[in-house]
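Me: Hi! Could you walk me through a structure I have open here?

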Amino acid sequence: MPANLPPDARKKWAEVEDTKNPKERLQRMQEFLSLVPKHKGTAKTCAQVKKQMAVLRKELEEKKRKKTGKSGPKLFIEKEGAAQIALISLTKAGKSSLLSAVTHAKVEVSPNPYTTREPIPGIMDYQDMQLQIIEAPALIEGAADGRAWGPKTLGIARNADGLMLLVDLSKDPVKQMSLILEEMSKARISTSKPKSRVEVERRFMGAGLRIIVTGKLVDCSFRDVEELLKSYNVRDGVVKIHGEATLGEVEDAIFESTVYKAAVVVANKIDIDGAEGNLKLLKAYLGNRLPVVAVSSKTGTGLKNLAETLVKALEIIRVYTKEPNEREYSKKPFVLRKNSTIYDLARSIHSDFRDNFNFAKVWSNRLVFSPQRVGTNFTLEDGDVVEIHLK
Ligand SMILES: Nc1nc2c(ncn2[C@@H]2O[C@H](COP(=O)(O)OP(=O)(O)OP(=O)(O)O)[C@@H](O)[C@H]2O)c(=O)[nH]1
Ligand SMILES: [Mg+2]
């Protein structure tokens, strides 16, 4: 067992899972921490739980503030389109300029620092998809330690599906880039692709537990995963394991630790003298860690490549649905993550679909014959056409 938690600590965590009430959760998490022996093996788990506690405290504070009538700022923006992308940079790098160049959003561009104080959404079209771009208030040093609106900006990044990390090529690009990556990493937002991805999605009581392994379990069996989840009282939900995962990584996912976000570095102001040199420095610093797109929000240079690079980094696929007995399939695709299954598709269409699912037919060039009749575990690919049949 990775964290080596004693049985009473596990039992306490099960009690945490048992309640949705933030006050009670907070109390039980505190008790949980007191039951966890402090050593290197448990440090990560403790840090993760403390982080969750901080979020709960903030939530409670916010509620209190609402009750007293003082309205707080909006923390998140409702997702729209195929993916939500957070636009992150230090101040004056050109977030608002980029947003207004690629979407219809109304923004204020200014040579003064910290002009944008609230998250601003816009929609960028790409082929038959729409990407929602959100300008976050400028990232500042110390954001992850709670400085000023730092937590808000990092919260937007954590909640998004992907990131555009914007760097101003008229200034030292490496300094900006390392500061951004440092704050991200402190906030447990990783931009380097992990070997595995474990998603734990909790559902209402009585829904049952479903474990889907599309990858490989490295040091444990399916049974072990099931036992682990049950020992933490995760009894209702869907747990998906992609790539090569260890039992420790599954455990981490229960504590909602580090999140991975696909990211693209946008090197802005390429029109300025000396920008090319800075671009080279930036690329040398990053190596092949992240894709870099050089643009000018002012002249429009490079903006065409942006959406394509983003979509590639996001690893999303488009699936087109068809009504039984109809010839034409939908013009508007469902956008899913790479390696999604028929089950995921059915779920994103409607919860009823999932419960009444009978079988599906799939049309695709990669199949030896189309349509092929498939079940819920069939893995979809970009461009697949699917017809779902209900019971
Ligand atoms: N030359 C050049 N100037 C740019 C470019 N993009 C933005 N700027 C200028 O950079 C300054 C800051 O731009 P904004 O878009 O307001 O920057 P921001 O990141 O939104 O800034 P805050 O919201 O205040 O943190 C403005 O004076 C813009 O005109 C670009 O591609 N080239
Ligand atoms: Mg701005």
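Predicted model: local features only at pLDDT ≥ 70, side-chain atom pairs only at ≥ 80, totals over all residues.

Me: Let's start with ligand 1. Which residues come nearest to it?
Reply: There are 25 residues around ligand 1, and the nearest of them are Thr91, Lys95, Ser97, Thr115 and Asp271.

Me: Nice. What does the side chain of Asp271 do with a nitrogen atom of the ligand?
Reply: An N or O atom in the Asp271 side chain sits 2.7 Å from a nitrogen atom of ligand 1.

Me: How much of the ligand's accessible area does the protein cover?
Reply: On its own, ligand 1 has 660 Å² of accessible area, and the protein covers 88% of that.

Me: Switching to helices. At what angle do helix 1 and helix 2 pack?
Reply: Helix 1 (residues 7-18) packs against helix 2 (residues 22-35) at about 170 degrees, and their axes are 9 Å apart. Angles over 145 degrees count as roughly antiparallel, so helix 1 is roughly antiparallel to helix 2.

Me: Which residues meet there?
Reply: From helix 1, they include Trp13, Val16 and Glu17, and from helix 2, Arg25, Met29 and Phe32 are among them. By class, the contact of helix 1 with helix 2 has 8 charged, 6 nonpolar and no polar residues.

Me: How about helix 6 and helix 9, what's their angle?
Reply: Helix 6 (residues 173-186) and helix 9 (residues 275-286) pack at about 40 degrees, with 8 Å between their axes. The two are therefore oblique to each other. Pro173, Val174, Met177, Ser178 and Leu181 of helix 6 meet Asn278, Leu281, Leu282, Tyr285 and Leu286 of helix 9. That contact divides into 8 nonpolar, 2 polar and no charged residues.

Me: Last topic, backbone. Is the peptide bond from Ser370 to Pro371 cis or trans?
Reply: The bond is cis, with omega near -5 degrees. Pro371 belongs to the loop between strand 15 (357-363) and strand 16 (372-374).

Me: And what is phi of Tyr114?
Reply: Phi of Tyr114 is near 55 degrees, a positive value in a residue other than glycine. Most residues other than glycine have a negative phi. Tyr114 lies in the loop between helix 4 and strand 2 (120-126).

Conventions
Residues numbered from 1 in each chain as written. Chains lettered and ligands numbered in written order. Heavy atoms only, no water. Near = heavy atom within 4 Å. Polar contact = N/O pair within 3.5 Å; in protein donor to acceptor, adjacent residues only side chain to side chain. Areas by Shrake-Rupley, 256 points an atom, 1.4 Å probe, with all protein chains shown as cover. Axes fitted to C-alpha atoms, helices over the stretch in contact; angles between N-to-C directions. Helix = DSSP H or I, 4+ residues; strand = E, 2+ residues; numbered from the N terminus. Parallel < 35°, antiparallel > 145°, perpendicular 65-115°, else oblique. Contact = heavy atoms within 4.5 Å. Nonpolar A, V, L, I, M, F, W, Y, C, P; charged D, E, K, R; others polar.
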